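Please look through the model shown below with its sequence alongside.

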Amino acid sequence: MAKTDYKTIDEYHKVHPAEVQQRMQSIREIVHKVVPEAEEVISYQIPCFKYKGYLVYYSAASKHISLSSPWSAELLKTFEKELKGYKVSKSAIQFPNQDPLPLDLIKKIIAYRKKENEGKA
């Protein structure tokens, strides 16, 4: 993989195919709708959002988009049923590019992370 030095989320998006860009932009829009105060940054050379700490990251791979954060056990338990069928680890959830993004689920996960960062989850 070529060395990268992304400064903005837009720069990150531009190197991916249009369809993948649209999928990532959908996640970006959800974050801003659920957490309008979120700050956009690049961390580990991928898009990241900060709100009272790190909120969530996303990244594109050849066959999926990952939504990532160090997920709490509580978050994984809360969304256990909805996450069935996806590849899930303690830090990432993979959404295959062949399937529509589960936008409602992503919205709920972002809202949950917001509450966690506010100390209310």
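Ser43 belongs to strand E1, which covers residues 39-43. Helices (H or I, at least four residues) and strands (E, at least two) are DSSP runs, numbered from the N terminus. The model is a predicted one, in which local features need pLDDT of at least 70 and side-chain atom pairs count only at pLDDT 80 or more, while totals for chains, interfaces and linings use all residues. Residues are numbered from 1 along each chain as its sequence is written, and side-chain values use heavy atoms, with hydrogens and water left out.

Ser43 counts as buried because its relative accessibility is 12%; buried means under 20% relative accessible area, exposed over 50%, and partly exposed in between, with a 1.4 Å probe and protein chains only. Which residues does Ser43 touch, not counting residues up to four places away in sequence? They are Cys48, Tyr54 and Tyr57, where contact means heavy atoms within 4.5 Å. Tyr54 and Tyr57 also form one aromatic cluster with Tyr44.

Most residues other than glycine have a negative phi. Gln45, in the loop between E1 and strand E2 (46-50), has a positive phi, near 65 degrees. With a relative accessibility of 25%, Gln45 is partly exposed. Lys52 lies in the loop between E2 and E3, and its phi is positive as well, near 55 degrees. Lys52 is exposed, its relative accessible area being 59%.

Helix H5 runs over residues 103-117. At 1.5 Å a residue, its 15 residues should span 21 Å, and the end C-alpha atoms are 21 Å apart, which agrees; the expected span is 1.5 Å times one less than the number of residues. The buried residues in H5 are Leu105, Ile106, Ile109, Ile110, Tyr112, Arg113, Lys114, Glu116 and Asn117. What covers the buried residues of H5? The cover includes the helices H2 (18-34), H3 (73-78) and H4 (80-83), together with the strands E3 (54-60), E4 (64-68) and E6 (92-96). Just after H5, Gly119 takes a positive phi of about 75 degrees.

Two packed helices are described by the angle between their axes and the distance between the axes. For H2 and H5 the angle is about 45 degrees and the axes are 10 Å apart. That angle makes H2 oblique to H5. Angles under 35 degrees count as roughly parallel, over 145 as roughly antiparallel, 65 to 115 as roughly perpendicular and the rest as oblique. Axes here are lines fitted to C-alpha atoms, for helices over the stretch in contact, and angles run from 0 to 180 degrees between N-to-C directions. On the H2 side, the contact is made by Ser26, Ile27, Ile30, Val31, Lys33 and Val34. On the H5 side, Leu103, Ile106, Lys107, Ile110, Ala111 and Lys114 take part.

One of these residues, Lys107 of helix H5, is partly exposed at 37% relative accessibility. Lys107 touches Ile30, Lys33 and Val34, leaving out residues up to four places away in sequence. The C-alpha atoms of Lys107 and Lys33 are 8.8 Å apart, although the two residues are 74 residues apart in sequence.

Helix H3 holds Leu76. Leu76 and Ile109 are 33 residues apart in sequence, with 9.5 Å from C-alpha to C-alpha. Apart from neighbours within four places in sequence, Leu76 is in contact with Trp71, Leu83, Val88, Ser89 and Lys90.

How many aromatic pairs does the structure hold? There are six. Rings of Phe, Tyr and Trp (its six-membered ring) pair if their centres lie within 6.5 Å; planes under 30 degrees apart count as stacked, over 60 as edge-to-face and the rest as tilted. One of the pairs is Phe79 with Tyr112, edge-to-face at 5.7 Å centre to centre, with 80 degrees between the planes. This pair links distant parts of the chain, with Phe79 in the loop between H3 and H4 and Tyr112 in helix H5, 33 residues apart. Both Phe79 and Tyr112 are buried. Tyr86 and Phe95 form another edge-to-face pair, 5.0 Å centre to centre and 75 degrees between the planes. Tyr86 is partly exposed at 23% relative accessibility, whereas Phe95 is buried with a relative accessible area of 1%.
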